[in-house]
Amino acid sequence: MCTLEKTASNIFVLTLTGDNEHRLNPTLIGSILSALREAKVQATSGSVLITTSRGKFFSNGLDLAWARAAGSKPKEIERLAHMVAELISLPMPTIAAVNGHAAAGGMILALSHDYVYMKRDRGVLYMSEVDIGLTLPDYVNALLRAKIGSPSARRDVLLRGAKVRGDEAVRMGIVEGAHDNEERLSGATMRHGIQLSSRMWNGEVYKEIRKSLYPELCVVLGLGDAKVIAKL
């Protein structure tokens, strides 16, 4: 499950709660989608979203037991794509504070934000699919191409199954910064959020500019026009 709180600085803080690994299943995905939609309803000029979690894990990815059970139910699996689409089309800047491991779907959740910060000591980004024998859906490939600019970095993440810690993620251009502990991570993301909020941007304009940055991803998610891809 998750909670959503709004600070006096017009910042929404979405927190993944509970003592588990925050694995993505219908319950957690539904809770995240509900929180994002609530933030959208309450949004005003200058709103910002920060997503974080409690415990050792930011999210340890897809709930594999549920995924295997839902193998013949593609509409259930598509909920993951809906979560990414909601973040890409959210009318405000977004920041992920990765204060623990973000594996597979957890890494996808983090990279669906505009900015990502990590803990230096415990935070790990890891796409486990090559190790566990799973292929990637089109929207995941499109997201990784959009958010990891270096071909060699994408190769290491996807074909080597690299477990990328904070400082390395900064060098690879995947995250904005790495911090020594949870207090410093929280402080950095909140300072960035307040800075973004102070610009008082129109959320709908911000959303459309964001979508224009990632035309391939938006087409795959059903948020854009395939004609745009043909012109690139």
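Reader: How much space lies in the largest cavity?
Author: This is a predicted model. A search of the whole structure finds one cavity of 30 Å³ or more. The space in the largest cavity is about 40 Å³.

Reader: Which residues are the closest to the centre of the largest cavity?
Author: The lining of this cavity has 13 residues. H9 and helix H10 (203–213) each give two or more residues to it. The closest to the centre are Gly46, Ser47, Met92, Pro93 and Trp201.

Reader: Is Ser197 buried or exposed?
Author: Ser197 lies in helix H9. Leaving aside neighbours within four places in sequence, it is in contact with Ser9, Asn10, Gly46 and Val48. Buried means under 20% relative accessible area. Ser197 has 7%, so it is buried.

Reader: What is the volume of the largest pocket, and which element gives the largest share of its lining?
Author: The volume is about 620 Å³. Of the 30 lining residues, Leu62, Leu64, Ala104, Glu129 and Leu134 are the closest to the centre. Elements that give two or more residues include helix H2 (64–69), helix H3 (74–88) and helix H6 (138–147). The largest share, four residues, comes from H3.

Reader: How many bridges join S2 to S3?
Author: Strand S2 holds residues 11–16 and strand S3 residues 48–53. The two run parallel. Leu14 stands opposite Thr51, and the bridge partner of Thr15 is Thr52. The number of bridges is six.

Reader: Why is S3 largely enclosed by the rest of the structure?
Author: In a regular strand the side chains alternate between the two faces of the sheet. Val48, Ile50 and Thr52 point one way from S3, while Leu49, Thr51 and Ser53 point the other way. Both sets are buried. S3 is largely enclosed because its buried residues number six of the six.

Reader: Which residue takes a positive phi in the hairpin of S1 and S2?
Author: Five bridges join S1 to S2, and the strands run antiparallel. Glu5 stands opposite Val13 in S2. The hairpin has four residues between the strands. The residue with a positive phi, near 70°, is Asn10.

Reader: Which strands are at the edges of the sheet of four strands?
Author: This open sheet has the order S4-S6-S8-S9, with mixed pairing. An edge strand here pairs on one side only. The edge strands are strand S4 (57–59) and strand S9 (164–165).

Reader: What is the bridge partner of Leu125 in S9?
Author: Two bridges join S8 to S9. The strands run antiparallel. The partner of Leu125 is Val164.

Reader: Which residues touch the most other members of the largest nonpolar core?
Author: The core has 55 residues. Leaving aside neighbours within four places in sequence, Leu125 is in contact with residues including Ala102, Met107, Met118 and Ile174. A second, separate core of nine residues includes Ile11, Val48, Ile95 and Tyr117. In the largest core, the residues touching the most other members are Ile32, Leu125 and Ile174.

Reader: Where is Ala162, and what distance separates its C-alpha atom from that of Leu14?
Author: Ala162 sits in the loop between helix H7 (151–159) and S9. At 7% relative accessibility, Ala162 counts as buried. Leaving aside neighbours within four places in sequence, Ala162 is in contact with Leu125, Tyr126, Asp156 and Val157. Ala162 and Leu14 are 148 residues apart along the chain, and their C-alpha atoms are separated by 28 Å.

Conventions: Residues numbered from 1 in each chain as written. Predicted model: local features only at pLDDT ≥ 70, side-chain atom pairs only at ≥ 80, totals over all residues. Heavy atoms only, no water. Core = buried A, V, L, I, M, F, W, Y, C linked by side-chain atoms within 4.5 Å. Buried < 20%, exposed > 50% of the residue type's maximum accessible area, 1.4 Å probe, protein only. Contact = heavy atoms within 4.5 Å. Pairing = 2+ DSSP bridges. 1 Å grid on protein atoms, 1.4 Å probe; cavity = no way out; pocket = protein on both sides within 12 Å on 5 of 7 lines; lining within 4 Å. Points joined across faces, edges and corners; volume = space filled by probe spheres on them.
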